[in-house]
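Biologist: I am new to this structure. Please walk me through it, one question at a time.

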Amino acid sequence: MTVTAFRHRPDPDQVARVTATAAELLEVLWGRASTAPASASQLRVLFVLEHQEGINLRTLADSLASTPPSTSRLCDRLQAAGFVERVVSPADRRELRLRLSGRGRAFLADLRERREAELRAVLAGMPAGKRVALLEGLDAFCDAAAARAHDGIPDSGSRTA
């Protein structure tokens with residue numbers, strides 16, 4: 001297969017390998033940018049709560065492919081750090097809902113800024129045309145990944161924890 005053929009008709013396996021390599025390199029860059037007082041698992045919790053404000057523990061556990069006890073311990077640590085709040089559901093006082101605190105939101109904003117600074121340094125070394133192509137591809141990737149990420153996540157009001 002020629003390079004031209006690869007560029008015009010990339011095989012999903014080839015693109016997956018290159019994307020995986022890029023993701024691994026992002027992990028390295030983001031590790032350098034991190035002064036995070038949160039583990040990778042805790043960051044996943046914060047990201048889910050940012051996009052699904054007020055979900056219950058069982059729904060969070062399902063979205064993380066984890067168990068409620070493990071997820072509860074993660075949330076305990078995040079609550080102790082001041083990043084997560086547990087509030088009583090207005091629909092059922094026996095149910096607790098999870099949400100990011102102001103400190104949790106500020107932490108994510110600061111983390112993103114540090115990560116973006118690392119990315120800007122890399123992107124500055126790329127030709128402008130390649131940055132445009134990357135942006136277009138990543139936009140389509142994000143749309144497809146977001147659709148897949150939200151598949152199978154139950155409605156936050158459908159189960160209790």
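**Helix, sheet and ring pair**

Modeller: Gladly; keep in mind that this is a predicted model. Helix α5 covers residues 68–80, which makes 13 residues. At 1.5 Å a residue they should span 18 Å, and the end C-alpha atoms agree with that, as they are 18 Å apart.

Biologist: Within what arc do the buried residues of α5 fall, seen down its axis?

Modeller: The buried residues of α5 are Thr71, Leu74, Cys75 and Leu78. They line one face of the helix, because seen down the axis they fall within an arc of 95 degrees.

Biologist: What do the buried residues of α5 pack against?

Modeller: Both helices and strands take part. One of the helices is α4, residues 57–64.

Biologist: In what order do the three strands form the open sheet?

Modeller: The pairing is antiparallel. β1 (55–56) and β2 (84–88) stand at the edges, each with a single partner strand, so one side of each has no neighbour in the sheet. The order is therefore β1-β3-β2.

Biologist: Which residue of β3 is the bridge partner of Ile55?

Modeller: β1 and β3 run antiparallel, and two bridges join them. Strand β3 takes in residues 96–100. The bridge partner of Ile55 there is Leu98.

Biologist: Which helix packs on the sheet, touching β1, β2 and β3?

Modeller: Its direction makes about 100 degrees with that of β3. It is made of residues 40–51. This is helix α3.

Biologist: How many aromatic pairs does the structure hold, and how far apart are the ring centres?

Modeller: The structure holds one aromatic pair. Phe83 and Phe107 form it, and with 20 degrees between the planes it is stacked. Centre to centre, the distance is 4.8 Å.

Biologist: Where in the chain are Phe83 and Phe107?

Modeller: Both Phe83 and Phe107 are buried. The pair links distant parts of the chain, 24 residues apart. Phe83 is in the loop between α5 and β2, and Phe107 is in helix α6, residues 102–123.

Biologist: Is Ala65 buried or exposed?

Modeller: Ala65 is found in the loop between α4 and α5. Its phi is near 55 degrees, a positive value in a residue other than glycine. The cut-off for exposed is over 50%. Ala65 has 74% relative accessibility, so it counts as exposed.

Key. Residues numbered from 1 in each chain as written. Predicted model: local features only at pLDDT ≥ 70, side-chain atom pairs only at ≥ 80, totals over all residues. Heavy atoms only, no water. Pairing = 2+ DSSP bridges. Helix = DSSP H or I, 4+ residues; strand = E, 2+ residues; numbered from the N terminus. Contact = heavy atoms within 4.5 Å. Axes fitted to C-alpha atoms, helices over the stretch in contact; angles between N-to-C directions. Expected span 1.5 Å × (residues − 1). Buried < 20%, exposed > 50% of the residue type's maximum accessible area, 1.4 Å probe, protein only. Arc of directions from axis to C-beta. Phe/Tyr/Trp six-rings, centres within 6.5 Å; stacked < 30°, edge-to-face > 60°.
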